[in-house]
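Please look over the model below. My notes follow as numbered points.

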Amino acid sequence: MPIIRELQLPHAHLCLWHITEPPSFFLDRLYLDADDLLSMQQITVASKMLEFLASRYALRYLINLDEEQHLLKDEHGRPTVHNLSKHVSLSHCRGFAAAIIANTHCGIDVEPIDDKVCRIAPRFLSEREHQMLQPGHEVQQMILAWSAKEAVYKAYGKKGVAFKDPIMINALPSTDQGHFTVRLQLSNLSKQYAIGFERLNGLYWTWSIESNEPPTLVPQLDS
């Protein structure tokens with residue numbers, strides 16, 4: 001299996017999948033219900049269709065199910081798995097898919113490192129966060145900031161939250177892997193999320209877990 005990274009954290013299990021298989025590989029191994037089939041009908045790009053399937057198979061791998069997996073969505077679009085007590089999140093982009101299961105609200109995001117982010121950075125970086133950018137690392141840190149905020153948005157799970165001000169990053173590392181915290185501050189609530197990240201294969205994969213403690217990276221699990 002093309003899992004290029006798998007992590008078992010104290011309260012979460014996640015993996016990153018490099019997609020090398022044809023669609024038939026996933027279609028033969030996935031149970032797709034009516035909602036999945038409807039979602040697939042709305043995907044017109046073949047590569048996006050493949051990523052859609054791979055992200056669901058990555059989740060199936062983490063859950064270790066040998067039976068039908070019913071992936072449901074609530075009124076905000078946050079995914080859940082029928083009869084699974086854990087929280088889940090999915091992501092995919094440019095030939096990669098990722099999934100996470102956790103004991104509490106969680107989110108995962110995969111973002112390619114692309115300097116186009118510079119044009120949209122003012123939309124999601126506050127002035128304080130912009131000042132955190134280190135010379136020579138600006139693009140990578142912008143991508144990491146975007147990915148972390150996307151992961152927090154997914155973990156919170158309700159629509160209508162802006163990225164720029166309500167989701168506040170406390171630090172922006174310039175390392176290839178690490179962790180930091182992010183606070184979501186709304187008028188009626190305040191939540192803290194532990195962020196873990198790794199940079200590899202020209203992308204960042206980033207995950208968030210609602211917690212007061214930072215996640216700890218562990219060595220890659222044996223396949």
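1. Terms for the first helix pair. A crossing is left-handed if the near helix is turned anticlockwise from the far one by less than a right angle, and right-handed if clockwise. Helices (H or I, at least four residues) and strands (E, at least two) are DSSP runs, numbered from the N terminus. By that handedness rule, H4 and H6 cross in the left-handed sense.

2. Provenance. This is a predicted model, in which local features need pLDDT of at least 70 and side-chain atom pairs count only at pLDDT 80 or more, while totals for chains, interfaces and linings use all residues. Residues are numbered from 1 along each chain as its sequence is written, and side-chain values use heavy atoms, with hydrogens and water left out.

3. Geometry of H4 and H6. Helix H4 covers residues 117-124 and helix H6 covers residues 138-156. Their packing angle is about 45°, and the axes lie 10 Å apart. Axes are lines fitted to C-alpha atoms, for helices over the stretch in contact, and angles run from 0 to 180 degrees between N-to-C directions. H4 and H6 are therefore oblique to each other. The angle classes are: under 35 degrees roughly parallel, over 145 roughly antiparallel, 65 to 115 roughly perpendicular, the rest oblique.

4. Residues between H4 and H6. H4 contributes Val-117, Cys-118, Ala-121 and Phe-124 to the contact. From H6 come Val-139, Met-142, Ile-143, Ala-145, Trp-146 and Lys-149. Contact means heavy atoms within 4.5 Å. By class, the contact has 9 nonpolar, no polar and 1 charged residues. Ala, Val, Leu, Ile, Met, Phe, Trp, Tyr, Cys and Pro count as nonpolar; Asp, Glu, Lys and Arg as charged; the others, Gly among them, as polar.

5. Overall form. The protein has 6 helices and 11 strands. For 223 residues, a compact globule would have a radius of gyration near 17 Å, and the protein agrees at 17 Å. That radius is taken over C-alpha atoms, and the globule rule is 2.2 Å times the number of residues to the power 0.38. Along the principal axes, the C-alpha atoms fill a box of roughly 50 × 35 × 35 Å. Among contacts with a separation of 6 or more, 54% join residues 24 or more positions apart.

6. Burial. Of the 223 residues, 50% count as buried. Buried means under 20% relative accessible area, exposed over 50%, partly exposed in between (1.4 Å probe, protein chains only).

7. Met-40 and Met-49. Met-40 sits in helix H2 (residues 34-41), and Met-49 in helix H3 (residues 46-63). Met-40 is buried, because its relative accessibility is 14%. Met-49 is buried too, at 18%. Beyond four places in sequence, Met-40 touches Leu-27, Leu-32, Met-49, Phe-52 and Leu-53.

8. Positive phi. Which value does phi of Arg-94 take? It is near 45°, positive in a residue other than glycine. Arg-94 lies in the loop between strand S5 (87-93) and strand S6 (96-102). Arg-94 is exposed, with a relative accessible area of 54%. Asn-201, also not a glycine, has a positive phi near 50°. Asn-201 lies in the loop between strand S10 (189-200) and strand S11 (203-210).

9. Ile-4. Strand S1 (residues 3-9) holds Ile-4. Ile-4 is partly exposed, at 24% relative accessible area. The C-alpha atoms of Ile-4 and Ile-209 are 21 Å apart, with 205 residues of separation along the chain.
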